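Open the model in your viewer and keep the selection tool at hand. The tour goes from one selection to the next and says what is there.

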Amino acid sequence: MNKQKKDFQSYSCPTPFLATKEYRRFSEFCNACQKYRYIGVCFGSPGVGKTMSGRQYAKWDLIAPLVDSFYKLDSSGNNRLLPKDITKCNSLFYTTPVSGTPGKIERDIHYLQHRINWMIDEAIIQHEQPDKDLKTWESPDHIELIIVDEADRSKQAGFEQFRDIHDRLGVGLIFIGMRGIEKQLSRHPQLYSRVGFVHDFRPLSQEEIQFILKYKWDELGTSLDPSDFTDTEAVASIIRITAGNFRLIHRLCLQFSRLMEINEMTIITKELVETARKSLVIGIM
Ligand SMILES: Nc1ncnc2c1ncn2[C@@H]1O[C@H](COP(=O)(O)OP(=O)(O)OP(=O)(O)O)[C@@H](O)[C@H]1O
Ligand SMILES: [Mg+2]
């Protein structure tokens, strides 16, 4: 086993996760891939929330920080108490490395699968079946779905490796990537023939942006009033600038909150939003 410290967490978002309509659709897609053990392909523009949704479905913010250390004893020499929610985990989230050889992909997935299965067994013993003995218990494989983020980084051999993992483990497999990944996959007929579901990850709807902005307004210590013309105008301007892109909404809000702080302002106006927009680099979405 590679002794080097692994980091499968990549990043965790500082903002709380919001269960949008698109996330609900994405969850149904994941459930179907898991149930029928198909390969699924999820694609969408940058910043719409694909990675966040994949991590949320796999409860990755709960699992990833514990993968390397859950079995270690705590400072008083006792077994570490695992969160109860771990007993309900059944997915593995994997970010394709930029230069991932098939061997590395195989080793990483094997390591994660082994550790997460062990962790779930421990959690089941701690919370549900304290009489079970981990040494003699032939526990089932808990991992039923592997979500592969940044899948478009894979080369031909990488995709072959994923196909082999899917066939061997008999799990559902989801590739998340940029729009166009479905064409990239169609160049691998054997892999493509295993694709059962395709999910087009859409940007946020107008109503959802309004819902998210309510949170943002609260965070900034003010409240969003739909009957107030200034608020409605500012919201309309954010909807127009961001076109439902989650990442842009966060960046724009961050930018105008800075401006509010610097200028000691308490009201969010259309002019403030547009000034904030000028300092953002908005790429092609
Ligand atoms: N459901 C959500 N709740 C709260 N914030 C979210 C949610 N989805 C996305 N975000 C915000 O949008 C940002 C971009 O999301 P994410 O990284 O998931 O996009 P992506 O579609 O994977 O983009 P890329 O194609 O560039 O990888 C996140 O860092 C987060 O701030
Ligand atoms: Mg992403």
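**Stop 1: the ligand**

Select ligand 1 and the residues around it: the shell has 18 residues, and the closest are Pro 46, Gly 49, Thr 51, Met 52 and Phe 246. This is a predicted model. Now colour α2 (50-57) and α10 (246-262), the elements that each give two or more residues to the shell around ligand 1.

Which classes of residue make up this shell? It has nine nonpolar, seven polar and two charged residues.

**Stop 2: the two domains**

Next, colour the chain in two parts: domain 1 covers 21-200, and domain 2 covers 206-278. Between the centres of the two domains, taken over C-alpha atoms, there are 35 Å. Where they touch, domain 1 supplies five residues and domain 2 supplies five residues. On the side of domain 1 that touches domain 2, one residue is nonpolar, three are polar and one is charged.

**Stop 3: pairs of helices**

The remaining selections are helix pairs. Two packed helices are described by the angle between their axes and by the distance between those axes.

*α4 and α5.* Select residues 102-127 for helix α4 and residues 156-169 for helix α5. Their axes are 8 Å apart, and the helices pack at an angle of about 35°. The crossing of α4 past α5 is right-handed. To see the contact, show the side chains of Pro 102, Ile 105, Glu 106 and Ile 109 in α4, then Ala 157, Gly 158, Glu 160, Gln 161 and Ile 165 in α5. By class, this contact has five nonpolar, two polar and two charged residues.

*α8 and α9.* Move on to helix α8 (residues 206-219) and helix α9 (residues 229-242), whose axes come within 10 Å and cross at roughly 120°. Is α8 oblique or perpendicular to α9? The angle makes α8 oblique to α9. α8 also passes α9 in a right-handed crossing. From α8, the contact uses Gln 206, Ile 209, Gln 210 and Leu 213, and from α9 it uses Val 235, Ile 238 and Ile 239. Five residues of this contact are nonpolar and two are polar, with no charged residues.

Show Leu 252, Gln 255, Phe 256, Leu 259 and Met 260 in α10; they meet Leu 272, Val 273, Thr 275, Ala 276 and Arg 277 in α11. By class, the contact of α10 with α11 has seven nonpolar residues, two polar and one charged.

Technical notes:
Residues numbered from 1 in each chain as written. Chains lettered and ligands numbered in written order. Predicted model: local features only at pLDDT ≥ 70, side-chain atom pairs only at ≥ 80, totals over all residues. Near = placed C-beta within 6 Å. Helix = DSSP H or I, 4+ residues; strand = E, 2+ residues; numbered from the N terminus. Nonpolar A, V, L, I, M, F, W, Y, C, P; charged D, E, K, R; others polar. Domains from an automatic or database assignment. Contact = placed C-beta atoms within 7 Å. Axes fitted to C-alpha atoms, helices over the stretch in contact; angles between N-to-C directions. Left-handed = near helix turned anticlockwise from the far one by under 90°. Parallel < 35°, antiparallel > 145°, perpendicular 65-115°, else oblique.
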